[in-house]
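Okay, thanks everyone, let's get going.

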Amino acid sequence: MWSESKRGLARRVFLAAAGTVVAGLAMPAMGLAAAPSCLVAAGGQIASTAPLRFGIYPGGPAGSISPKSPPRAEDPTARLNALRTLAGSSPFVVRLYSSWTGNASADDVSGWLDSEIAGYTAAGLQVELVVRYKPGAAGAASAPSAFAAHVRAIVNRYGRDPGFVSLQVTNEANLPGAPDASDGAFPGAARAVVDGVIGAKDQARRSGYGQLGIGFSWAYDERPQAAADFWKTLGRLGGPAFADAVDWVGIDTYPGTWTPQISLSNVLPGQAGTAVRESVRSVRDCFMPMAGLGAHTTIHIAENGFPTGPGRSDALQSQVLDAMVTSVDAIRGTYGVTDYRWFDLRDSSSADPSLESQYGITRDDYSPKPAFATYRSLIARYSRAASTVPTRGTCRASRVKMSVPHLNSRRLSSLVVQVGGKVVGRVRSTRIKRAVRISMRSGRSTVRLKVRGKSDGRAVSRAQSRTFRIC
């Protein structure tokens, strides 16, 4: 989950053009971080009308960065009853967390994890397991390969259970500085993602565990260069083998709590819904291509939450939850979003005013907050719908295509692409195609293409513009 290191980061726009990321500073209205507009390469068509598969982290304690009250003891019976109530008759995933440290005794899951997974799947629920990378005893150089061996063993241990449907390799490996919450604080985290995913997928294929999807998570990061560097590193380290092994990419996003940064106000729910939508857009169109991940790789909202506490009423939590889930359902077909997980079920300590103690949609005694009924209703509505993708009419999907202006027989030397008056791409003569494909932010924006060339030793240019309304 998110940590204090996410606070105070500059708000920026991510811009990608012709395989290069260009970082530009921006200060959007009301503190809402803008998502990137990107030039995107032609590729497979993403199309999905399957309903969302929902889930939740069932515990109370969360990774944290500041002191807080001890968690109230769990009540397994009350917990299971709450999960069954949320699920109703829909497929529902219980999201669990474990860790690898390199210490055989500390990493032994034969007790608690065996019983938890077996108990949930016996109750008709599905299980998703996050295996964190927290090397301690292992040396930095050997840690990623040792972690990959551990992940293979996890697949072997639980893969035969048809209710064990999803495995996340590492947690927020892109984010440094928060070892209690994010694996990017440990050396070799990017390599652990690559080796772990490849190893887990290979083991699942060898064993015939076709129900088991393998993925990793990315924590929303408002640092453009750091974000781009992480995804490019995955692509460089993993290559085609990594791209072939990744079934899904998870996004961790907490609008209005960590990042995207949004001020508390009566318009926060709508802004939070927009922020989640734009984070999906930027990951799909800007970042996943840097790692070679295309249309076959789906997206999960792996962690999404909004705690109660001082200045954060129960009603506001319910409204933010509703807005974010509704936003995800509206774009699932466009961006290939298949799964949604809320963080989390129960407060760690409802009496503690710390944000990190009150993420739950129930209090620490499992009595429901209003958001519990809201989430139950959303699950019933969106997990059963055949398709709720809106009819777009004159409202276009984010990917648009626009022909490049010609200069007759003159040789083109450069192409500049602007969206909303801002340059999002510069292409040299050898890479100029007959058309460009652009992923754009939602709203109304004008695309301007300007080509330059030479004729009889003179520089000549031509430009054309077109306005699009994006859903």
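This is a predicted model: local features need pLDDT of at least 70, side-chain atom pairs count only at pLDDT 80 or more; totals for chains, interfaces and linings use all residues.

Residues are numbered from 1 along each chain as its sequence is written, and side-chain values use heavy atoms, with hydrogens and water left out.

So, Glu172. Its relative accessible area is 0%, so Glu172 is buried. Where does Glu172 sit? In the loop between β7 (164–169) and α4 (189–207). When I say helix or strand, I mean DSSP runs, H or I of at least four residues for helices and E of at least two for strands, numbered from the N terminus. The backbone is worth a look too: phi of Glu172 is near 50°, a positive value in a residue that isn't glycine.

Most residues other than glycine have a negative phi, and most peptide bonds are trans. Tyr366 is another one with a positive phi, about 75°, and it counts as buried at 10% relative accessibility. Tyr366 is in the loop between β11 and α8. Asp344 is found in the loop between β11 (337–342) and α8 as well, and a cis peptide bond joins Phe343 to Asp344, with omega about 5°.

On to the aromatics. Rings of Phe, Tyr and Trp (six-membered ring for Trp) pair if their centres lie within 6.5 Å; planes under 30 degrees apart are stacked, over 60 edge-to-face, and the rest tilted. How many aromatic pairs does that rule give? The count comes to 19. Take Phe54 and Tyr375: ring centres 5.9 Å apart, planes at 80°, so that's an edge-to-face pair. Elsewhere on my list, Phe216, Trp218, Tyr220, Phe230, Trp231, Phe242 and Phe287 form one aromatic cluster.

Axes here are lines fitted to C-alpha atoms, for helices over the stretch in contact, and angles run from 0 to 180 degrees between N-to-C directions. Helix α1 (residues 76–87) packs on α8 at about 45°, axes 8 Å apart. That makes α1 oblique to α8; under 35 degrees would be roughly parallel, over 145 roughly antiparallel, 65 to 115 roughly perpendicular, and the rest is oblique. Contact, meaning heavy atoms within 4.5 Å, is made by Ala82, Thr85, Leu86 and Ala87 of α1 with Phe372, Tyr375, Arg376 and Ile379 of α8.

Then there's α6 (residues 268–287) with α7 (residues 314–335), at about 30° and with axes 8 Å apart. These two are therefore roughly parallel to each other. 

Last stop, Asp329, which lies in helix α7. Buried or exposed? Buried, with a relative accessible area of 2%. Asp329 and Leu52 are 277 residues apart in sequence, but 7.1 Å apart in space, C-alpha to C-alpha.

Key. Buried means under 20% relative accessible area, exposed over 50%, partly exposed in between (1.4 Å probe, protein chains only).
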